[in-house]
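User: Could you walk me through this structure? I would like to start with how its parts are arranged.

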Amino acid sequence: MIQESIRNQITFSQIAAAEGLKAGLQITPEALIDQVRESGIRGRGGAGFPTGLKWAFTAAEKSDKKYVICNADEGEPGTFKDRVIFENWADLVFDGMALAGYAIGADEGIVYLRAEYTFLREKLEKCLAERRKKVLLGENCLGMKGFNFDIHIHMGSGAYVCGEETALIEALEGKRGEARNRPPFPAASGYLGKPTLVNNVETFAWIATIMVKGSDWFRGLGTEKSSGLKLFSISGDVESPGVYEFPMGISVNQLLTEVGGRGAKAVQIGGASGTCVPSAEFDRAIAYEDVATGGSIIVFGQQRDLLDVAENFLEFFEDESCGQCTPCRIGNSKLLEGVRLLKKGECSAKYLNELCKLAETMQIASKCGLGQSSPNAFLSIVKHFRKEIFNREPVAV
Amino acid sequence: MLISQHEQTLDQLQGLVEKHGDQRNALIPILQDFRDQSGQITDYAMQAVANLLKIEPSEVYGVVSFYSFLSERPQGNFVIRLCRTISCDMAGKQAVARQLENDLGITFGETTKDGRFSLEWANCMGVCDQGPAMLVNETLYTKVSPEKVGEILDSFKSRA
Amino acid sequence: MTQQATAANTEMIPVTIDGKETRVASGTTILEAAKHLGIRIPTLCYHEDLCVEGVCRICVVEIEGMWTLQASCTYPITQAITVKTHSPKVRKARRHILDLMFSEHYGECYSCARNNNCELQNLAQEYGVDEYRFGHPDLPIFNIDKSSFAITRDNNKCIQCRRCVRTCAEFQEVKALENVGRGNKTAIGTFLDKPLGEVVCINCGQCINRCPTGALTAKDQTDLVWDAIEDPTKHVVIQTAPAPRAAIGEEFGLEPGTPMTWEMNSALREVGFNKVFDTNFTADLTIIEEGTELILRLYKTLVQGDTSMPLPQFTSCSPGWVKYIEHFYPEYLGNVSSAKSPQQMFGAMIKTYYAEKNNIDPKDIVSVALMPCTAKKFECNRPEMADSGHQDVDFGLTTRELAKMIRESGINLPDMPKSDFDSPFGTASGSGVIFAATGGVMEAALRSVLEFVTGKQVENFYDHADIIPVRGFEGCRYVELKIPEEVGPVPAIIQHLVPDWNWIKGATVKVGVAHGTGNARKVMEDIKAGGKFSECHFIEVMACPGGCLGGGGQPIPTNLDIREARAKAIYAEDRAYGEAGKARKSHENEAVLKVYQEFLKEGPCGHLSHKLLHTDYTPRGKYID
């Protein structure tokens, strides 16, 4: 019942299974990490931490045991590219994980797959079994003596916050998925207290690709601070929703032209935790240095009520906040109440101003990325659509 | 010989402990498997698994109540989860929701009297390009429209 | 030398906080460094006794070069940083966090048990909260849980700092309380959100002592006690345990560790109690009964090969510990001394011996116990605690509740004249006093057992009869004591139980002491694994950290310094008994000896003793319906 989502040419199609893994194992772990670093790739999950640096940190830790974790808890509203990657290029992800294992000195990889993607599990298990048969996993992987990397799948149980890497680790340990205090970072003390590398599904697939096509190739694409290509999940009011590959730094305008979304009123970049960009700013670049995204692009046509959008996002966060820290647990409820007041035409300008200041506190005082980013959409909608959100008739009692 | 519900639960859990181990990190896989086998995680099962893993029942409850796919206690054979997040919302989830409620005669969070269908909301399911999306147990339906709801429900009515 | 060694092991990191510079060992938190510099950072979820959680976010500070604020309680300093603890950003954030808490905190300060001793209230004042910016609830959301005999939970006042959860998990390893739910539905709950009275809770009340607000309080029974005092047909007596004396001064603004024993006696009479007794009388009685039971266990097991009374023997004075073992290790209930706790022994004695002696109908006696403890409220309501034919103890009051009654009577406790306890139970021995500290019951028992066996003063073996090895705040202690080769005659009081001491001379007595049920668990697991504690003959367990002086009914706040100050006061009082020529050993307590002559004529562990002073236990396990 699920239909093909791919909408343009995607580089992963050019890469064969194990090709990147074979290439990467030709060089030393140090050289491999250098390659990753030189490619300039940053985390494809959304936070955008330089991947090479993360690998180097985890590699530098001395430990008898380390873990490589693939974050497949793709829960950001509007994103589905990781699902598409697993449906089409699972081998590249596993190649990337094995490369990471080789680079940092880990022998165990775990895929944390969100509960909603249970239907993918069988296929992925089959793929892993195939790889074991071909000695792309398991003892003396690819004939390299002492490199015994294997991967298993751990199912999520339905919690958006587990996309945050320390919450994910807590979940793996059998606990409530609540973000940890950092430092220490997972690179030093992660799963079961061991050095742990957590990367997004797409990041691993790109690493395998970079091993084949070279770090210079990757670096040559995109912008200086946001190198390479990226998959985007496009949904909302467009002619052809689906997964697209674009270079980083693409402008919102260009992107809308490609996907058939011209004439949009606004675009939500980065999902519920991202920013709502109004049409006046469609020349902005989708890149870490401008508007960052893990790939979620939701297009709003002229007919959309952005207060409905803000309400939907805040309902999401009110439910999906892990609930441990005060700003996020209560703050999102307060913002939601405020949006509902606005919808009813019952919110004073003074109170809206207070809520905006509260939202700013949430951004800097919350414990993890969820609370820090949950007010983004609210703030950008209030900032850019003031006229629209205040123009409500009070609801007759 | 008749064995009690509790003994059956315990047997089941012991098997799962053998499969997943008796450490804390086995807790969620055990709960997931138990839910899949039994439909829901019972009060007794939470206490029994705590005992087997040498943790306290409150800790198990803390975990169960945290995760949507563990905490819901749908009684129905078929659990319908409709995505309520933005893209599916814009694609018309509200009309689908109304149709589901009308056709089943229950509201979200409820189970039909015959115990066959439970209706739940879900957050983003990752098929935003094909909304509204709906899961029935593990089967995913995309681009669901109100007129398709009846058809989908009928296909399950004939199953056990 | 030492300093050099420290510097070599731990890197010293320069840090600047609010313009003040210092160097701290790598890994020191910002909060600790600030404290060191004399800079106050407000906290709520932080508690010195517990591991850090970093959830309330009130302690956030600004680190130069970082966009987000950091929780100072969790942030370890590992490289040179510059910190601002009250920049505009920080102040605004703190005020917002308080505003958010107040938007959910329901309950009036005036009617709250924690009025004037509430961390949230203090912060509201400190940060000038003058309005509820994001609203304030008009109505409660949660029902108040009054199901427990000991602890009342009002989640409407909870700010979710999780200190109670950590106390219950880390300190006590009971885990009655847990974080449940997710998102805005997250709350502190229990297994299946059942009432506290129905789940595995040991009533220790340690959660109350660490709650920053009034969300957790002891079940208040002062109104009922006032009713009794005001009822002319009732004879209201109060027994007072040793731990409250060392702490109640804190309720009246005195430094921790200021004893108020004699002032309190006068105050209690002023409040309206007809008689004021010293629980130490039955502490001494407990030593005789429990000590005799120990001798019997040893004799039966080691000499007669009778395994009906297993070793080690566990103490039974702490009702938190008793309920803990009933839930967690019911298979070891046979090891728990059958002797009742001093509170319950006194209860039984008051409504029998005392009633008879004074010609009072026991049904007209209201027996109140002042305890440092919330679990005592549960203990006195145990159905089996009615051996006098009535409920032996009617009310267990905490130190905090009694302080409230004293204040309500217009009394400033430190101003009261000193007075002694009432007869016939009089003043007890110093051994009774030290029951309040961890290791105290063990020390008291050893003082008597050593003298029983050797026939010599214990001062011959330990200076001033201070058995130092069993003292201290270490979580689990294991101590070996050598019984001398030379033994004395068996004292008359227990001659009918053992013929001589030859079987024990030269033996090594192994004892253990644990405080906090988390430490008790360590001891129990060690016993199960056949470790050194399994070889012990006698083990003292107190459910609360530091023993009764750190009890769940004691003044708030609590921390290690406060508990140590209270312990100091306790041991000083024991010393003072010696210096004043009063008895320091339980078997020297004249009133106790008189009771055995007049009333418990068959002696310790005799028939009447068993009826009134001993009890049995309920294997509870952990499953609930």
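Analyst: In chain B, the C-alpha centres of domain 1 and domain 2 lie 28 Å apart. Domain 1 of chain B covers 5-71 and domain 2 of chain B covers 78-157; such bounds come from an automatic or database domain assignment. This is a predicted model, in which local features need pLDDT of at least 70 and side-chain atom pairs count only at pLDDT 80 or more, while totals for chains, interfaces and linings use all residues. Residues are numbered from 1 along each chain as its sequence is written, and chains are lettered from A and ligands numbered from 1 in the order in which they are written.

User: Into which domains is chain A divided?

Analyst: Chain A has domain 1 (11-219), domain 2 (229-300) and domain 3 (306-390). The centres of domain 2 of chain A and domain 3 of chain A, taken over C-alpha atoms, are separated by 22 Å.

User: How many residues of domain 2 of chain A are in contact with domain 3 of chain A?

Analyst: 9 residues of domain 2 of chain A are in contact with 13 residues of domain 3 of chain A, where contact means that the C-beta atoms of two residues, placed from the backbone, lie within 7 Å. On the domain 2 side, strand S7 (266-269) and strand S8 (275-278) of chain A each supply at least two residues. The largest share, 3 residues, comes from S8(A). Helices (H or I, at least four residues) and strands (E, at least two) are DSSP runs, numbered from the N terminus.

User: And how many helices and strands does chain A have?

Analyst: Chain A has 15 helices and 9 strands. Its radius of gyration is 21 Å, close to the 21 Å that the globule rule gives for 397 residues, so chain A is as compact as a globular protein of that length. That radius is taken over C-alpha atoms, and the globule rule is 2.2 Å times the number of residues to the power 0.38.

User: At what angle do H10(A) and helix H11 of chain A pack?

Analyst: H10(A) and helix H11 (residues 326-343) of chain A pack at about 155°, with their axes 9 Å apart. Axes are lines fitted to C-alpha atoms, for helices over the stretch in contact, and angles run from 0 to 180 degrees between N-to-C directions. H10(A) and H11(A) are therefore roughly antiparallel. Angles under 35 degrees count as roughly parallel, over 145 as roughly antiparallel, 65 to 115 as roughly perpendicular and the rest as oblique.

User: Which residues meet there, by class?

Analyst: The contact of H10(A) with H11(A) has 8 nonpolar, 2 polar and 5 charged residues. Among them, A:Leu307 and A:Glu311 belong to H10(A), and A:Leu336 and A:Arg340 belong to H11(A).

User: What about helix H10 and helix H16 of chain C: at what angle do they cross?

Analyst: The axes of helix H10 (residues 280-303) and helix H16 (residues 440-454) of chain C come within 10 Å and cross at roughly 65°. H10(C) and H16(C) are therefore roughly perpendicular to each other.

Key
Nonpolar A, V, L, I, M, F, W, Y, C, P; charged D, E, K, R; others polar.
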